[in-house]
Amino acid sequence: MDWKLLGITFVTVFLSELGDKSQLAAIALSGGCKSPRAVFFGTASALVLTSLLGVLAGAGAAQLLPVKFVKAIAAVGFAVLAIRLLCFGDNSQETEETTI
């Protein structure tokens, strides 16, 4: 097993999931229920399944396309998301303020 890759993957996914909508949904669900353990196992299994789908899609794309091209697509996708968040992320606040 590549322990360095495991560590990098863990840190990357852990940091990207902090404050995510799925985490907020887990907080809301566990706050109003009598079985937080069920919420934990439900959210954990959902994250594992979505991660499995992502890994399978990435591995499949790497079989069809050069790895460097797949990495470039991922980098461009993250850059577009970052620019969109930086430039257009505060529009919801402006819209709420103008309607009040």
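Gly19 comes after helix 1, and its phi is positive, near 75°. Helices here are DSSP runs of H or I, at least four residues, numbered from the N terminus. This is a predicted model, where local features need pLDDT of at least 70, side-chain atom pairs count only at pLDDT 80 or more, and totals for chains, interfaces and linings use all residues. Residues are numbered from 1 along each chain as its sequence is written, and side-chain values use heavy atoms, with hydrogens and water left out.

Back to helix 1, residues 3-17. It has 15 residues and reaches 21 Å from first C-alpha to last. That is close to the expected 21 Å, taken as 1.5 Å times one less than the number of residues. At its start, a side-chain oxygen of Asp2 comes to within 3.4 Å of the backbone nitrogen of Lys4.

Next, a helix pair. How do the axes of helix 2 and helix 3 cross? They come within 9 Å and cross at roughly 155°. Axes are lines fitted to C-alpha atoms over the stretch in contact, with angles from 0 to 180 degrees between N-to-C directions. The two helices are therefore roughly antiparallel, a label for angles over 145 degrees. Ala26, Leu29 and Ser30 of helix 2 meet Pro36, Val39 and Thr43 of helix 3; contact means heavy atoms within 4.5 Å.

Last, the record. An unreviewed UniProt entry annotates "transmembrane region" over 38-62 and 69-86. Residues 38-62 are 100% helix, end C-alpha atoms 36 Å apart.

Notes
UniProt positions renumbered as here; feature names shortened; annotations may be inferred. Polar contact = N/O pair within 3.5 Å; in protein donor to acceptor, adjacent residues only side chain to side chain. Parallel < 35°, antiparallel > 145°, perpendicular 65-115°, else oblique.
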